[in-house]
Amino acid sequence: MSEGPAPLTVSQVNRAIGAALEERFSDAFWMVGEVQGYDRDAAKAGQRRWGQIYFELIEKESGADTVKAGIKALVWGDVHAAVRAKLQAVAGDLKFQDGLQVKLLCKIDFYWPRANLQLKVLDVDPHFTLGDMERSRRELIETLKRTGLFEKNRETPCPRVPLDIGLITSDGSAAYHDFVEELRSSGFAFRLHFFDARMQGADTENDVVRALSALARHPEVEVIVLIRGGGSRSDLIWFDKEKIARAVALCPKPVLAGIGHEIDLSVADLVAHTSRKTPTAVAQFLVERAREFEADLSQSARSVRDAARDRLEGEAQRLTDAARAWRENTGTALAGFFEALSRGKDLLRASARRHVTIVRERLSAAPDRLGGGARSLLRSQSERLAGFKKECEFKDPRRILARGYSLIYAGGRIAKSVRSVRVGEFIEARLSDGLVTANVLASRKD
């Protein structure tokens, strides 16, 4: 086995890497990339002696959200202050933060004992950042228009009075309190369906998209409100992202956006059904719709009331006219009736008088007719009575008794046969001039 070159030590390799890097990147150079991990580490800068901040510059796959390459970076406290001032000098609300596309003047910083490589930030080109933000924003808007998504959510019908509100914002934020307080003070019965979501930082896209999806499926939610508090222009970069813009555009329910920037509208604002500058303004929009509806209801109630009053007044007038006509017609009819009644009364009185006269005349003539008839009747009855008297006198039992006959009574009854009396019985004999009592000694039948 032949002997080759002696093996290198770790330090030799590291120093060689350092020398190669120094030869290739001896001077500072401009580099573009997206800031990542800055926000989390910036909070620790105040605890460090030199105020340095560690982060990463990444490059994403074209048209995708996956990271293609990344490199660690470092900005010292004094440089960070200068970078921040430079950004603000160009755009007062532009901040160095995660998600920002930046062009940095860098130098390779290689710590050979550990082979640690990182970029040391020396300067920033703020115009690149602004230009990139605007370019990306414009390209996204054009894409949304070309694919028919730019107006899609705006075409979604919005309920006239949405009371069930799906709210997406950060829990406990000023945006949350401003929005809720505005609704609460209105006095209307709004009902909130809240979804807590990060509204800044790398988690914003996924949180907002997840919240839109959940609230879109909620059966009671009528509209979805997407709000955040005031912030810098760079804070809005998450709402210029395609993922959020598409989620808003494709949401089946109207999305009301109040991202909270006084000058620029985010793409999410542009594709939303309705956009207002602040969370309070979005709440006022909802309250105003409720008030308009309430006013319309009141106007409708007044219209119904006025129509009913007019109808009642018309009907009352018609009833009054009908009553007046009825009184007039009834008075005429009664007058005619009373007149006819009066005529009838006169006729009846005259007829009664004539009848009384006739009766009186008949009564006056009655005694003569009655006298003749009565005398004839008395004479006839007297003759009948005389005949009857003679017949009674002729049939008087006393005349028969006077001729020698008698009536025998036995036991209080007339004895008509010898069998009616018994021997020894006392009998009575009625004679024409008296009564004889005798005892039956014997009887014999002829």
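Reader: Is lysine 68 buried or exposed? Please take me through the salt bridges from there.

Author: Happy to! A word on the basis: this is a predicted model, where local features need pLDDT of at least 70, side-chain atom pairs count only at pLDDT 80 or more, and totals for chains, interfaces and linings use all residues. Residues are numbered from 1 along each chain as its sequence is written, and side-chain values use heavy atoms, with hydrogens and water left out.

Lysine 68 is exposed, because its relative accessible area is 52%; exposed means over 50%, buried under 20%, and partly exposed in between (1.4 Å probe, protein chains only). The side chain of lysine 68 meets that of glutamate 59 in a salt bridge, at 3.9 Å from N to O. The term salt bridge stands for a side-chain nitrogen of Lys or Arg within 4 Å of a carboxyl oxygen of Asp or Glu. Glutamate 59 has a relative accessible area of 43%, so it is partly exposed. In general, side chains of opposite charge can pair when their charged atoms come close.

Another salt bridge joins the side chains of glutamate 34 and lysine 60, with 3.4 Å from N to O. This pair links distant parts of the chain: glutamate 34 belongs to strand S1 (residues 29-36) and lysine 60 to strand S2, 26 residues apart. Helices (H or I, at least four residues) and strands (E, at least two) are DSSP runs, numbered from the N terminus. Glutamate 34 counts as buried because its relative accessibility is 6%, whereas lysine 60, at 25%, counts as partly exposed.

Let us move on to a helix. In helix H9, arginine 309 and aspartate 306 are three residues apart, so about one helical turn separates them. Their side chains meet in a salt bridge at 3.5 Å, N to O. Arginine 309 counts as partly exposed because its relative accessibility is 40%, and aspartate 306 is partly exposed too, with a relative accessible area of 26%. Salt bridges with shared partners join Arg305, Asp306, Arg309 and Asp310 into one network. By this rule, the count of salt bridges comes to 23.

Helix H9, which covers residues 279-394, is also the place of leucine 341. Leucine 341 counts as partly exposed because its relative accessibility is 48%.
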